[in-house]
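Here is a report on one structure. Read it with the sequence and the coordinates open.

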Amino acid sequence: MSGEVQASTEEQQEMQDTVVSPEKAEEVKLKARYPHLGTRPGGSDLLRKRLQKGQKYFDSGDYNMAKAKMKNKQLPTAAAEKTEITGDHIPTPQDLPQRKQSLVASKLAF
Amino acid sequence: MSAGGGGNDVQWCFSQVKGAIDDDVAEADIISTVEFNHSGELLATGDKGGRVVIFQQETENKSQPQCRSEYNVYSTFQSHEPEFDYLKSLEIEEKINKIRWLPQKNAAQFLLSTNDKTIKLWKISERDKRPEGYNLKEEDGRYRDAATITTLRVPVFRPMDLMVEASPRRVFVNGHTYHINSISVNSDNETYLSADDLRINLWHLEITDRSFNVVDIKPANMEELTEVITAAEFHPHQCNTFVYSSSKGTIRLCDMRASALCDKHSKLFEEPEDPSNRSFFSEIISSISDVKFSHNGRYMMTRDYLSVKIWDLNMENRPVETYQVHEYLRSKLCSLYENDCIFDKFECCWNGNDSVVMTGSYNNFFRMLDRSQRRDVTLEASRESCKARQVLKPRRVCAGGKRKKDEISVDSLDFNKKILHTAWHPQENIIAVATTNNLYIFQEKVN
């Protein structure tokens, strides 16, 4: 009996929070869209993603395999995938940044 | 012109805009840093394409005081190139994260520019004369046939059109495993610091093959990582003191006299949080994106996602002033998280006499926060207000309810138009505001 009373008090508190805090209302919205969102919000996942910016995996064996495959069929374009590239993705020469051939002047300098 | 009041008794007028007008912005043209030098005569910008453009203020025409001094292109060069670290399988962007000027010591100007991994010291020097009258060479450089030389002459220096040359004098490599977010020149004018996500290094400007690690917050087990370094700066006068901010909204002040390794802070600045207000977004929006000491060295300013805070260096437990930049965004945090805007890193800056601070927002809006008069104004950098000496009109955002005339509703704001980088002339009321790919220069209205 007391358990049920407790639950309804909590529900009341949450309702109050939604009215009182716009931030909490936004949190409820987010959790509704992404129910599996991590329990440690600002924590390790976000930080690790930040630290791994720019990381690609490159292995000469995979590279040669990919080159061979390219002759037979088109590889899916990975350019759209700006998020973490795991070991599953095989970078090709096209994915790597090209060294600038010539200096293109900044448009601010005109 | 004095630095004067600033914020609200000052009327700001359009002066100049640099960059292309078209809406199709190439990624390389995205401005990533803006910085005046110590005299304000030079204004440097860095972009995502690794290029630096330096503007110089034209010397004012004393006979025509109405004529506003303009900034014109002085020098431009490619500072950094894209790289691929094959050993670590890491793509290194050429984007210039920060530019910091050295105080001028001689005729040449020096600046430090950095991307994610490498810091470079650039010398910018003028050449306005060249030697002429060589005996063995023609003026165009071709060698003369020695047999045709019958007389000797002494080469002389003759004036030539001004040429500004930029040359890399030092390259500071391999100091950082993680991505560099800040550089700061020490008041001793001999050393500087560079900070990445987990470490801060101290360098000597002359020495490129060694640097001294002063802060290391990398946990033994990376699974335990809870916060990263977001910005760092040396104190403007005390060469032993620097601060660094974190993704958890704290600032640590370190004294290099206390110990060689400054893992233990001398002061910890943190505003206590109301636990009942805590939400999923709390930590993310508390992350400090910029920290700047005041010119007088008594205060520091921090910028987090929604506010600007002024801290007295003698008081650690709370800021002395808090200003809301765009509080109306608090009820939009869900969509701002989804479109990644919640991670945007806004910078902030002080005016010359520390009475007004400025920071950017969305929709090409920027905010002037007057500390002395406790007033604030929102202005816009747009092509519509580009008429010479046109006074900028204050802008207002309607958070909800009935929208008044001249107000813009929150839902109409363009979140792709971000002003992340702004700079204030050290002495005068001249500001440089960077939109995505344009640099606006505004000046105080002179009657």
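Which backbone oxygen lies 3.5 Å from a polar atom of the side chain of Arg100(B)? The backbone oxygen of Ile183(B) does. The model is predicted, and every value below is computed from it.

## Arg100(B) and its surroundings

Arg100(B) belongs to strand β8 of chain B, which spans residues 98–101. Its relative accessibility is 12%, so Arg100(B) counts as buried; the cut-off is under 20%. The side chain of Arg100(B) also makes a polar contact of 3.1 Å with the side chain of Glu35(B). Leaving aside residues up to four places away in sequence, Arg100(B) touches Glu35(B), Leu111(B), Leu112(B), Ile183(B), Val185(B) and Lys292(B).

Ile183(B) leads on to the next topic. Strand β12 of chain B covers residues 182–185. Strand β12(B) runs antiparallel to β13(B), and 4 bridges join them. Ser184(B) stands opposite Leu193(B) in this pairing.

On to the next hairpin. β13(B) pairs with β14(B) over 5 bridges, again in the antiparallel sense. Here 3 residues lie between the strands of the hairpin. Leu193(B) stands opposite Leu202(B) in β14(B).

How many of the 5 residues of β13(B) are buried? The count is 5 of 5, and the strand is mostly covered. In a regular strand the side chains alternate between the two faces of the sheet. In β13(B), Thr191(B), Leu193(B) and Ala195(B) point one way. Tyr192(B) and Ser194(B) point the other way. Residues on both sides are buried.

## Rings and charges

The count of aromatic pairs over all chains comes to 20. One of them is formed by Tyr192(B) and Trp203(B), and this pair is stacked. The ring centres are 6.1 Å apart, with 5° between the planes. Tyr192(B) lies in β13(B) (residues 191–195) and Trp203(B) in β14(B) (residues 199–204), so the pair ties together parts that are 11 residues apart in sequence. Tyr192(B) has a relative accessible area of 0% and is therefore buried. Trp203(B) counts as buried because its relative accessibility is 3%.

Elsewhere in chain B, Phe14(B), Phe366(B), Tyr440(B) and Phe442(B) form one aromatic cluster.

| Charged residue | Ring | Distance to ring centre |
|---|---|---|
| Lys137(B) | Tyr134(B) | 5.0 Å |
| Arg371(B) | Tyr299(B) | 4.8 Å |

## Two open sheets in chain B

Begin with the sheet that holds β2(B). In this open sheet, 4 strands follow the order β2-β3-β4-β5, with antiparallel pairing. Which strands stand at the edges? They are β2(B) (31–36) and β5(B) (71–78). Each has a single partner strand, so one side of each is left without a neighbour in the sheet. Neighbouring strands are turned by 20° against each other on average, direction ignored.

Inside this sheet, β4(B) (residues 51–57) and β5(B) run antiparallel and are joined by 7 bridges. Val52(B) stands opposite Phe77(B) in β5(B).

Another open sheet of chain B has 4 strands in the order β24-β25-β26-β27. Its pairing is antiparallel. β24(B) (348–350) and β27(B) (375–380) stand at the edges; each has a single partner strand, so one side of each lacks a neighbour in the sheet.

β24(B) runs antiparallel to β25(B) (residues 356–360), and 3 bridges join the two. The bridge partner of Cys349(B) in β25(B) is Met358(B).

## Chain A

What is the secondary structure of chain A? It comes to 4 helices and 0 strands. From the N terminus on, the elements run α-α-α-α. Chain A has 110 residues, and buried residues make up 20% of them.

Conventions:
Residues numbered from 1 in each chain as written. Chains lettered and ligands numbered in written order. Predicted model: local features only at pLDDT ≥ 70, side-chain atom pairs only at ≥ 80, totals over all residues. Heavy atoms only, no water. Buried < 20%, exposed > 50% of the residue type's maximum accessible area, 1.4 Å probe, protein only. Polar contact = N/O pair within 3.5 Å; in protein donor to acceptor, adjacent residues only side chain to side chain. Contact = heavy atoms within 4.5 Å. Pairing = 2+ DSSP bridges. Axes fitted to C-alpha atoms, helices over the stretch in contact; angles between N-to-C directions. Phe/Tyr/Trp six-rings, centres within 6.5 Å; stacked < 30°, edge-to-face > 60°. Lys NZ or Arg CZ within 6 Å of the ring centre and 35° of its normal.
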